[in-house]
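This report goes through a few selected parts of one protein chain. Please look at the sequence and the structure before reading on.

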Amino acid sequence: MCEILALKESVLIYLDRSGALEKLIEDCKSFDGPQQNDAVYRFYVRVSPTDLTEVDSVLGDFVLHNPRKATALFQSVCFLAIKTLSLVRKIHTENQVNVILKWTHLPPFPEYCLHLDTFPRGHVTMRPVLIEGLVVAMTRVTKYTGAARFLCTDDDCPAFTGFHHIRVHAPGATESATMRNDFICSMCSSPLKEDVKFRVLGGEISVKVIRMRFKKWKFLCEKMSVVVDKQLVELIHTKAIDALSAKQSSVRFQSVTFFLRDELCNSMRLGHLYSVVGIPAHVHQWPNITWSIEANGVRKLEREGPQNISNTLQELLQTTSSSPWRFSAILAHCFGLDVTPPGLYNTLKLVLLLSLVQTRAAAEETFHCLDLLIVTCDSLIVDRLMMYSLGFAPRGVRHRATGEMFASLCRDEHGTGNANIHAGSAFLASGGICMLGDLCFYQKDKLDTLESVPCSFWALSDSTPSFHRPGRSVQAAVGAGDIGSVSMHLADAFGLVVQCQDEAGKDALATLTAHVLQQAVWPGEDLYPASIKLSCQDYKELIAHAQSLQVALSDGALKVIRGYYMASRRVRTLSQISMPSVKLLISLAEAHCRLSLRTLALEEDAIVAVLLCETSVTFRHGASALTVPAHALFPCSLADGGLRRDAILDEFHQAVLRFIFSYVPGAEAYIREE
């Protein structure tokens, strides 16, 4: 008994020092109104385990390892404070005080982190744990009974009136634990009956709403109820996210179910990462027992990328500082050496890098997503390059043609009578990249809604010659290419369509064959000692750092983008160049600026964006007055350090300016001819 009194004294000291006692007094003022007549009054107490342990180590141990007993101690102290200070006159028994402890954090030790492979599932003391995971499924919000008042059926029993028997929801309890018709009185063992008018649905809060009646010009004060309920969410651990990638693996991931209640409902979204503190509990659904977690606090998880890049990249950036195009060209030249030799598929590697650095984890920045449709006659190599590049994305998910792309419904297993919404590949890739592979394996109805999900899509289309290509007219425009089995509407939805033709021509097959054979004969050996050494770790640090850069468009870049768009509208139809093209141009300019590790997009970045956009439009709809040379991005090898390539891009820069001056009257007012 003395130990309990000492713990209660420590609780009171902590409440006083942390300011929780003052907050309790303020909360009671709203409960003591004349219209307030509830059976249970809810109080939230924020608890810092570190501060609490400094006050009393035993009490701190209770909070971290026996939360139910700790909650009972706080409930008793809060009730005594309310009665001693006469804060709420309608609270008569301790049962009417419902205290909910909210942990500010947990100790940064492995014992408090949830590991599904080692966490005990038996009948052990359930203590708060922390898990970082990805939301893969959730239900809609439903009601639950948070508390109920019961009265004894015996007229002579003291519990015939008053608030002696109150059932309050406890973590892990089902609806039947709070609401049943077989409860008996603890005083006389007579049956109990519910006082229905005091039932509390969820976190039912009484608030006042002022409404004006316009006819009588009179203000009325109404009492209404705001109901906050429950929601079930399934998470997988962050370490299991790799199982969603494209790599073939026998690894499976196990999800864990969280119960969100009251103000935590709707605090999580499909495909997003969260850090959740909760209490594990066994949910009894006869004849089965399921294991779940009652969430206590939810915080959105944001990964911070590295602030620095490797010394090799820093030296390369300094060496190529004289040209705004050279650094990105060398990065593309040396990228993906595990798949292809340096110098092959440079254009494809560049656009993959641009999409990677432009993919941001924040869902609010979906405007800047960069979707890619690669048209090729060598789908095997392109698929391998896309698979390789997917490993550098903040989150990369490969979608299988037989799986769900967006969402699917199934019955909830926890007996809530709800439908469980499972996230498809596109939602799981939120803030990352969803790789679709060859689009010929997909049905049309699954490809019609690709534009509505916050992630970047990568896909390819096989352009192997065929007698019948749906979506392509028999007489194609001059300069237009074969987009394969993809319809023109779907190709336009992707924005950037890239024809993957290797610059090496007939020698590409022999070079690639030699590369594969050398890798098989000398695995792990340095096959290209003369090339620049950029490891996978260098690229990971580079991409993560580039994604974190905040980019602004310079006046020169804006003028080029605006001028090109206005000139293109005069030489092309509305279906060929439209407002989404502006989004594509801005996204490409920002991406090239990020890849070059700059924060201000220059006019040269806009020229790369115009080159890619015009090449894409020409491939789909035919040539225009702006002539794009073959292999314009990589017209020659980089043996001379990229000097000749820079000269060719400078010529295209002048061609773009002449194109703008020719078709946009008054362009001289905002663009200076060089």
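## A covered strand

A residue counts as buried when its relative accessible area is under 20%. The model shown here is predicted, and by this cut-off strand 13, residues 372–376, is mostly covered, with 5 of its 5 residues buried. The side chains of the strand point two ways: L372, I374 and T376 point one way, whereas L373 and V375 point the other way. Residues of both sets are buried.

Strand 13 has partners in strand 18 and in strand 19. With strand 18 (residues 456–462) it runs parallel, and 5 bridges join the two. In this pairing V375 stands opposite S461. Strand 13 also runs parallel to strand 19 (residues 496–499), to which it is joined by 4 bridges. Here the bridge partner of I374 is V498.

## Two crossing helices

Two packed helices are described by the angle between their axes and the distance between the axes. Helix 1 spans residues 2–18 and helix 4 spans residues 57–65; their axes come within 9 Å and cross at roughly 85 degrees. An angle of 65 to 115 degrees counts as roughly perpendicular, so helix 1 is roughly perpendicular to helix 4.

Which residues of helix 1 and helix 4 meet? From helix 1 they are L7, S10 and V11, and from helix 4 they are V58, L59 and F62. The residues of this contact divide into 5 nonpolar and 1 polar, with no charged residue.

## A serine in a loop

S48 is found in the loop between strand 1 (41–47) and helix 3 (49–55). Is S48 buried or exposed? Its relative accessible area is 10%, under the 20% cut-off, so S48 is buried. Leaving aside neighbours within four places in sequence, S48 is in contact with Y14, T104 and H105.

## An alanine in helix 8

Helix 8 covers residues 326–333, and A332 lies in it. A332 has a relative accessible area of 0%, so it is buried. What does A332 touch, not counting residues up to four places away in sequence? The residues are N346, K349, L350, L353 and F634.

Technical notes. Residues numbered from 1 in each chain as written. Predicted model: local features only at pLDDT ≥ 70, side-chain atom pairs only at ≥ 80, totals over all residues. Heavy atoms only, no water. Axes fitted to C-alpha atoms, helices over the stretch in contact; angles between N-to-C directions. Parallel < 35°, antiparallel > 145°, perpendicular 65-115°, else oblique. Contact = heavy atoms within 4.5 Å. Nonpolar A, V, L, I, M, F, W, Y, C, P; charged D, E, K, R; others polar. Buried < 20%, exposed > 50% of the residue type's maximum accessible area, 1.4 Å probe, protein only. Pairing = 2+ DSSP bridges.
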